[in-house]
Amino acid sequence: MLQSLKRFWKGMKSKLLRILEEVMPFVYFLAISRKYTLKGLENCASEEQLNRYSALTDDILQERLTAEHDRASKIDEKTSKFTLGLSISLSVISALSSNIVKIIPVGSFGDYISPLFIISSIYMLSGGVVSLGALKTLPKYGYGTEYEMDGSENKLSKALICQERVNLLRHARNEASFMSLRNGFLLIFIALVLCATIVVMKLFVDFCPSGAIYTCSII
């Protein structure tokens, strides 16, 4: 019974974390970034990992380390340029679209449109703020004078493990930015659909007076 409850709670916890990641990606990223603090990165390589990685040849480890360095540069470039530019563009679109609320009649769905635009702006601005983190310098392992002077046997394995962990943080930041923009775009789309629905309904009412609605419906 106890084991069943543990499995149930483990499954529920995983689903709740997934929902949190999808609904509030910036909050989820803050939790992940706290886990991968600089202090934690300094002790990123456990004995078990070092033993497994040490089974590889130095050539393979060096090749993998170079690949991780290239991957870090590509992730940072993608996040800082594309995501930030898209975030700014969508924020401007959201601000311009919010002016539509001023011409929407009071009542109906109009009361829900303005909050949707506000929340979408928050999502997209948060995505831009997270993407700005790509401008922050994260540790790079496997280069420098200290690395060359390190005479330990597993220095290459440790550098690769730590660099992979730093890149996981970069990947989480990238995903959080994109999910924030996605959520903001979906809210804008929903708000614009509601605006279009209200405008069509208003035109229908204006075109068909109250006494002629039955005739218009037949047409």
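The model is predicted. The protein has 9 helices and 0 strands, and 34% of its 219 residues are buried. The structure holds 6 salt bridges, and its largest pocket has about 230 Å³ of space.

**Fold**

- Read along the sequence, the elements follow the pattern α-α-α-α-α-α-α-α-α.
- Helix 1 covers residues 2-23, and helix 2 covers 25-35.
- Helix 5 runs over residues 58-97, helix 7 over 145-149, and helix 8 over residues 155-207.

- R182 and E22 form a salt bridge through their side chains, with an N to O distance of 2.7 Å.
- Because R182 is in helix 8 and E22 is in helix 1, this pair ties together parts that are 160 residues apart in sequence.
- R182 counts as partly exposed because its relative accessibility is 33%, a value between the limits of 20% and 50%.
- E22 is also partly exposed, with a relative accessible area of 22%.

- The side chains of R170 and D76 meet in a salt bridge at 3.0 Å, N to O.
- R170 belongs to helix 8 and D76 to helix 5, and the pair links distant parts of the chain, 94 residues apart.
- R170 and D76 are both buried, which means that each has under 20% relative accessible area.
- D76 also forms a salt bridge with R173, where the closest N and O atoms are 2.7 Å apart.
- D76 lies in helix 5 and R173 in helix 8, so this pair ties together parts that are 97 residues apart in sequence.
- Like D76, R173 is buried.

**Salt-bridge network**

- Side chains of opposite charge can pair when their charged atoms come close.

**Largest pocket**

- The largest pocket contains about 230 Å³ of space.
- The pocket is lined by 12 residues, of which Y141, Y147, D150, K158 and A159 are the closest to its centre.
- Helix 7 and helix 8 are the elements that give two or more residues to the lining.
- Helix 8 gives the most to this lining, with 4 residues.
- By class, the lining divides into 5 nonpolar, 1 polar and 6 charged residues.

**Nonpolar surface patch**

- A nonpolar patch on the surface is formed by M12, L16, I19, V23, M24 and V27, which together have about 470 Å² of accessible area.
- Helix 1 supplies the largest share of the patch, 4 residues.
- M24 sits in the loop between helix 1 and helix 2.
- With 35% relative accessibility, M24 counts as partly exposed, and this value also meets the patch criterion of over 30% relative accessible area.

**L186 in helix 8**

- L186 is located in helix 8.
- The relative accessible area of L186 is 45%, so L186 is partly exposed.
- L186 and S120 are 66 residues apart in sequence, while their C-alpha atoms are 8.0 Å apart in space.

Note on methods:
Residues are numbered from 1 along each chain as its sequence is written. This is a predicted model: local features need pLDDT of at least 70, side-chain atom pairs count only at pLDDT 80 or more; totals for chains, interfaces and linings use all residues. Side-chain values use heavy atoms; hydrogens and water are left out. Patches are made of residues with over 30% relative accessible area and no salt bridge: like charges are joined within 9 Å, nonpolar side chains (Val, Leu, Ile, Met, Phe, Trp, Tyr) within 5 Å. Accessible areas come from the Shrake-Rupley method with a 1.4 Å probe; for residues, only the protein chains shown count as cover. A salt bridge is a side-chain nitrogen of Lys or Arg within 4 Å of a carboxyl oxygen of Asp or Glu. Buried means under 20% relative accessible area, exposed over 50%, partly exposed in between (1.4 Å probe, protein chains only). On a 1 Å grid over the protein atoms alone, a cavity is a set of points where a 1.4 Å probe fits but cannot get out, and a pocket is an open set with protein on both sides within 12 Å along at least five of seven lines; lining residues have an atom within 4 Å of a point. Grid points are joined across faces, edges and corners, and a volume is the space filled by probe spheres set on the points. Ala, Val, Leu, Ile, Met, Phe, Trp, Tyr, Cys and Pro count as nonpolar, Asp, Glu, Lys and Arg as charged, and the others, Gly among them, as polar.
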